[in-house]
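Hi,

Here is the structure I promised to pass on.

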Amino acid sequence: MALKGFAGFAIRKASGAVITIFVIICANFLIFRLVPGDPIRLLFRDPRASAAAMAALRARFGLDGTLWDQFVAYLRQLFLHRDMGLSFVYGEPVWDVIAGRIPQTLLLVLIGLFIAGVVGTLLGAMAGWKTGTKFDSVVVSFSLSMYSIPTFAMGIILLMIFAVTLGLFPLGGMYTRGADLTGWAYVRDVARYLVLPTAAIIVWYLGQYVIITRSSMQDVLDQDYIAAARTKGLKESTVLRRHALRNAILPVVTITGLDLAFAIAGVIQVETVFRWPGIGRLMYESVLKRDYPVLQGLFLVFAVVIVLANLLVDLTYGYLDPRIKVGGGS
Amino acid sequence: MSRLVTLLQRLKDYFKLLLTHKMGLVGVVVFVIFGIIAIFAPFLRTVDPIRTGLPVNVLTPPSSQFWFGTDHLGRDIWSQTIYGARVALLVGLTGAAATVCIGTLVGLIAGYFGKILDEVIMRIVDFFMMLPGLPLMIILAALLGPSIWNIILVISITYWPWTARVIRSQVLSIKERAFVEASRSVGASDRLLIFGEILPNVVPLMFAQAILLITEAIYAEAVLAFLGLGDPTTISWGMMLNFAFESGLMHRKIYWVVPPIASIVVLIISLTFLGTAVSDIMKPGYREARGL
């Protein structure tokens with residue numbers, strides 16, 4: 001490799017990501033053509049349909065010609081027109097169907113992530129600071145339990161307690177149908193629907209943040225500068241705030257957004273349980289209706305987002321890590 | 001032969017150590033209880049869990065006849081819950097075993113032969129690790145069709161890279177040790193070295209991986225079944241929740257959802273405890289720190 005330093009490192013990583021995405025696209029195309037049975041015949045079970053009508057449908061959904069022809073057409077559509085085909089169910093472009101659901105998902109995930117991040121980091125830092133105490137063991141076993149409960153089960157539990165038994169929140173959806181609210185009234189309405197799904201997301205994420213911050217805090221407390229700060233005679237609370245906490249949070253920040261696959265799995269379950277109209281719920285609906293083009297599109301979107309997020313993290317690390325800058329190692 | 005005895009002795013030591021760990025003990029006890037329920041399910045059930053009681057016994061609340069009530073098709077919820085343990089453990093154990101076998105084989109080959117082969121295999125492993133797990137499982141399960149064996153297959157396809165990676169790094173360090181070099185110098189074949197010398201040393205790690213994978217597999221089956229991708233010829237806890245959810249009657253029939261949810265939650269939390277305990281006791285120096 002002639003290229004040295006960060007530029008070479010970045011180019012290597014980026015080309016790796018491009019290759020990965022291309023392989024995912026190929027695999028994604030192939031998986032869906034390997035379905036036993038003819039998807040068009042499965043979907044449109046009308047025996048009166050003429051051969052010509054079936055052929056027209058095949059052409060409309062890009063299912064005519066040899067596998068190679070289909071593959072070339074698929075790639076051309078994808079790269080030249082950013083076209084992922086038509087939804088079997090909606091008859092609209094797959095990308096439009098998916099894009100229409102993204103804002104709702106972001107609203108849910110960003111709020112949930114933010115609250116879980118703040119609360120989880122503080123709890124984890126406290127637990128790490130007081131390692132071995134009663135507080136620590138309660139926080140750890142609680143987080144471990146919350147973290148391991150399947151998210152859809154947690155969703156149903158929250159639904160049963162707070163929506164059904166106590167009647168505090170609606171059962172599901174995103175806004176009151178038929179109410180036609182506008183302005184602040186609409187925001188307040190959506191907020192009521194948002195509480196339980198957000199809580200389910202928070203509960204899931206909280207455990208992860210607690211465990212990571214706790215061990216990060218334990219590492220920091222072993223460092224010499226903490227001992228130095230203590231020997232200087234600083235108050236414990238000052239050592240905690242000024243020296244320990246600040247350093248313990250660093251790795252947590254870089255971890256946020258890293259585990260996207262984990263986040264996607266949670267969103268699919270939470271949105272399904274609470275009928276929240278985001279991309280997670282779209283995946284469930286598409287499974288039920290066997291809307292293969294939408295499933296294919298969703299998988300591609302999820303996979304590409306994960307690859308890009310990983311690339312971003314790699315590049316950030318590479319930029320911050322002097323060894324990579326100088327040596328150009330992988 | 002003596003090697004096998006040593007190996008069994010080592011595993012027995014680990015198991016004893018596990019029982020001294022509080023979380024480990026809880027995990028083992030709960031797992032055994034669920035195992036007993038699964039094995040003796042035909043004796044514990046009151047009626048056939050998939051026999052419908054239409055049209056008379058639909059959605060009856062718990063009673064002396066139907067201990068946990070009945071569902072929308074008049075099926076007995078107590079018996080369904082009992083049989084759900086069978087599905088969970090079948091998927092958990094088989095899925096974990098299949099995944100550990102694939103992952104270990106790949107890890108052994110990549111770690112032992114190294115060089116280009118290792119490079120190529122690890123690229124493939126990295127590729128699979130990059131894929132979003134749950135969407136991958138959902139799509140494969142939807143395409144392959146609903147059956148318990150397809151769910152197990154889908155779980156193995158999704159999780160093997162993690163095991164392969166862990167086993168490989170262990171193999172890398174084992175193959176440099178003196179006893180492997182000694183065998184090699186007296187002309188042992190690659191196959192003998194891999195399966196005779198290296199494999200026995202990764203067995204404890206395989207068990208640790210299996211515990212984590214049992215948890216993941218049970219979790220994955222529950223989620224897939226809840227999303228409507230369960231095997232229609234069996235009843236699992238995830239499917240019971242799917243029926244309750246899809247019927248739109250869930251919120252009026254709490255007795256319908258409590259048994260499956262409680263079963264999933266208790267089993268998975270105790271398996272998580274077990275996993276934590278296993279990784280604790282396998283840390284170097286654990287025994288010494290405890291004065292054991």
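Chain A has a mean pLDDT of 80. In that chain, 87% of the residues reach 70 or more. Among its elements, helix α13 (residues 279-288) of chain A has the highest mean pLDDT, at 92. Helix α15 (residues 322-327) of chain A has the lowest, at 50. Residues 325-330 of chain A have pLDDT below 50. Beyond near neighbours in sequence, that stretch has 7 contacts in the model. Where pLDDT is low, the predicted coordinates should not be read in detail.

Chain A

Chain A has 15 helices and 0 strands. Of its 330 residues, 33% are buried. Take the contacts in chain A between residues at least 6 apart in sequence: 71% of them join residues at least 24 apart.

Helix α1 (residues 5-33) of chain A has 29 residues. From first C-alpha to last, α1(A) reaches 43 Å, close to the 42 Å expected at 1.5 Å a residue. Phe9(A), Thr20(A), Ile24(A) and Asn28(A) are buried in α1(A).

Chain B

Chain B has 12 helices and 0 strands. The C-alpha atoms of chain B fill a box of roughly 75 × 45 × 30 Å along the principal axes. Buried residues are 43% of the 292 in chain B. For contacts in chain B with a separation of 6 or more, 70% come from residues 24 or more positions apart.

Two residues are worth a look. Ala96(B) sits in helix α4 (residues 77-113) of chain B. Is Ala96(B) buried or exposed? Ala96(B) counts as buried because 25 C-beta neighbours lie inside 10 Å. Leaving out residues up to four places away in sequence, Ala96(B) touches Ala210(B), Leu213(B), Ile214(B) and Ala217(B). Leu143(B) is 47 residues from Ala96(B) along the chain, and their C-alpha atoms are separated by 22 Å.

Pro284(B) lies in the loop between α11 and α12 (286-289) of chain B. Pro284(B) counts as exposed because it has 7 C-beta neighbours inside 10 Å. Pro284(B) and Lys175(B) are 109 residues apart in sequence and 19 Å apart in space, C-alpha to C-alpha.

The contact between the chains

The contact takes 34 residues from chain A and 29 residues from chain B. On the chain B side, α5 (115-130), α6 (133-144), α9 (190-229) and α11 (254-281) each supply at least two residues. Which helix gives the most to that side? It is α11(B), with 9 residues. By class, the side of chain B that touches chain A has 24 nonpolar, 5 polar and no charged residues.

The cores

The largest nonpolar core has 136 residues. Those with the most contacts inside this core are Leu298(A), Met137(B), Ile138(B), Ile218(B), Val223(B), Leu224(B) and Leu241(B). Helix α9(B) gives the most to this core, with 20 residues.

Leu298(A) is in contact with Ile98(A), Ile279(A), Leu282(A), Met283(A), Ser286(A) and Pro135(B), leaving aside neighbours within four places in sequence.

Best wishes

Key
Residues are numbered from 1 along each chain as its sequence is written. Chains are lettered from A and ligands numbered from 1 in the order in which they are written. This is a predicted model: local features need pLDDT of at least 70, side-chain atom pairs count only at pLDDT 80 or more; totals for chains, interfaces and linings use all residues. Two residues are in contact if their C-beta atoms, placed from the backbone, lie within 7 Å. Helices (H or I, at least four residues) and strands (E, at least two) are DSSP runs, numbered from the N terminus. Ala, Val, Leu, Ile, Met, Phe, Trp, Tyr, Cys and Pro count as nonpolar, Asp, Glu, Lys and Arg as charged, and the others, Gly among them, as polar. A residue is buried if 20 or more other C-beta atoms lie within 10 Å of its own, exposed if 12 or fewer, and partly exposed in between; C-beta atoms are placed from the backbone. pLDDT is the predictor's confidence in each residue, from 0 to 100. The expected span of a helix is 1.5 Å times one less than its number of residues. A nonpolar core is a set of buried Ala, Val, Leu, Ile, Met, Phe, Trp, Tyr and Cys residues joined through C-beta atoms within 7 Å.
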